[in-house]
Amino acid sequence: MNKTLYFEVQEYKERLRKTKEAMQEKGIDILIATDPANMNYITGFDGWSFYVHQCLVIMADRDEPIWVGRGQDSNAARLTTWLQEESIRPYTDDYVQSLIKHPMDFVSDIIKEKGYQDRVIATEMDTYYYTAKCQERLALGLPKAKFIDGTNLINWVRIIKSDAEVDYIRRAARIAEKAMEAAYGSIDAGVRQCDAAANVYHAQISGTKEFGGDYSAIVPLMPSGIRTSTPHLSWTDEPYRNGDTVILELSGCYRRYHCPLARTMIIGDAPQKVRDLASVVVEGISNALEAVKPGITCEEVERVWARSIAKSGFIKDSRIGYSMGLNFPPDWGEHTASFRPGDKTILQPNMTFHMIPGIWLEDCGVDISESFRVTESGCETFTNYPRKLLVK
């Protein structure tokens with residue numbers, strides 16, 4: 001069977017080695033990974049199958065993790081992972097959304113089969129696709145095991161990217177630029193918001209002549225008018241109006257690696273408050289990016305932003321960025337380091353972040369962002385798109 005692998009097998013094995021090293025430091029014998037991004041990171045598995053229960057069972061003394069998933073998805077594991085046949089363990093369809101049996105019963109049986117029923121088992125207790133029922137059934141099936149929380153263990157391994165991963169993000173950046181240009185070219189007074197969003201989707205997926213795009217973990221966020229007062233709304237079927245402010249938070253995605261990009265645009269005349277707010281945000285993000293370098297902490301970068309906007313009278317009480325890269329819906333963030341007070345994560349080369357210091361007021365907002373890589377001496381911004389308020 002021809003496999004589709006996006007990295008060399010040795011890179012996957014090195015990721016697994018680092019994961020096991022982190023497991024050993026925490027005294028973990030088995031890690032059950034259910035986060036689709038973590039499953040992809042370790043094995044390459046890539047399928048829209050996370051709506052049913054699936055996981056990797058990573059055992060400290062086993063060379064390969066065991067993929068567990070729905071039977072009809074097992075060929076996806078054969079096609080997209082480096083795993084051998086004995087490491088692919090599908091369950092039958094009578095486990096799917098059943099009130100009698102549960103996929104974690106199947107996982108428990110595998111663990112007992114391997115003789116790990118009384119070991120320390122870590123589960124990703126705070127991930128999107130791991131439910132309370134999953135933990136309940138595992139505990140029921142493995143009463144002698146000791147369960148601990150393994151949330152974000154692999155995520156922290158992921159935080160420093162390989163050069164190959166960085167190259168994928170650079171490709172995603174080219175797609176992000178194209179998507180942003182599609183948004184700017186489509187949005188105008190009288191145009192339906194949904195039609196502009198459709199053009200953005202087309203740009204995201206068609207990509208460039210050299211390479212196509214993937215589906216993004218987050219839909220295009222495109223609120224307009226008073227809806228820009230909150231960050232996570234998207235389009236409607238209403239037409240844009242003269243004087244509207246429009247926030248655009250989009251992403252390019254290539255082989256599951258993201259490059260988010262946010263800009264704010266105005267159609268015709270806009271309130272002076274929006275123009276003033278945009279100037280503050282642009283100055284603040286530029287100053288913060290200049291401060292980025294290896295050895296500085298995330299909170300120190302945030303303090304540069306805070307000092308920059310302090311003189312303006314505007315206030316932002318949420319984080320201004322986060323680690324990002326490989327992911328599946330519903331988020332492109334890695335859930336590790338954030339630019340906010342108290343985060344003492346030390347920046348290292350090939351960490352990748354989305355800096356998005358948006359400010360939202362009661363009736364409007366401005367969102368301007370940059371995705372970047374920490375370099376040996378500073379940072380490399382991935383996209384090359386005007387860092388300013390866009391006017392049409």
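Student: Which element gives the largest share of the lining of the second largest pocket?

Tutor: In this predicted model, helix H1 makes that contribution, with 4 residues of the lining. Helix H1 spans 9-25, and it is joined by helix H6 (153-158) in supplying at least two lining residues each.

Student: Which residues lie nearest the centre of the second largest pocket?

Tutor: They are Lys18, Tyr41, Val157, Ile160 and Lys161, out of a lining of 14 residues. The space in the second largest pocket comes to about 230 Å³.

Student: How does the lining of the second largest pocket divide into nonpolar, polar and charged residues?

Tutor: The division is 6 nonpolar, 2 polar and 6 charged residues.

Student: From which domains does the lining of the second largest pocket draw at least three residues each?

Tutor: Both domain 1 (9-158) and domain 2 (163-391) meet that condition. The protein is divided into these two parts.

Student: How many Å separate the centres of domain 1 and domain 2?

Tutor: Taken over C-alpha atoms, the separation of the two centres is 33 Å. As for contacts, 18 residues of domain 1 touch 16 residues of domain 2.

Student: Which residues in domain 1 lose the most area to domain 2?

Tutor: Tyr128, Trp156 and Arg158 do, and together they account for 35% of what the domain 1 side buries.

Student: How many salt bridges are counted between domain 1 and domain 2?

Tutor: The count is 2. To read a salt bridge, one looks at the distance between a side-chain nitrogen of Lys or Arg and a carboxyl oxygen of Asp or Glu, which must be within 4 Å. Arginine 15 and glutamate 165 form a salt bridge, with their closest N and O atoms 3.8 Å apart.

Student: Let us turn to the other pocket. What is the volume of the largest pocket?

Tutor: Its volume is about 280 Å³. The lining of the largest pocket consists of 17 residues, and those nearest its centre are His232, Arg319, Tyr322, Ile356 and Trp360.

Student: How do the residues of that lining divide into nonpolar, polar and charged?

Tutor: In the largest pocket, the lining has 8 nonpolar, 4 polar and 5 charged residues.

Definitions and conventions: Residues numbered from 1 in each chain as written. Predicted model: local features only at pLDDT ≥ 70, side-chain atom pairs only at ≥ 80, totals over all residues. Heavy atoms only, no water. 1 Å grid on protein atoms, 1.4 Å probe; cavity = no way out; pocket = protein on both sides within 12 Å on 5 of 7 lines; lining within 4 Å. Points joined across faces, edges and corners; volume = space filled by probe spheres on them. Nonpolar A, V, L, I, M, F, W, Y, C, P; charged D, E, K, R; others polar. Domains from an automatic or database assignment. Contact = heavy atoms within 4.5 Å. Buried area = accessible area lost by both parts, 1.4 Å probe.
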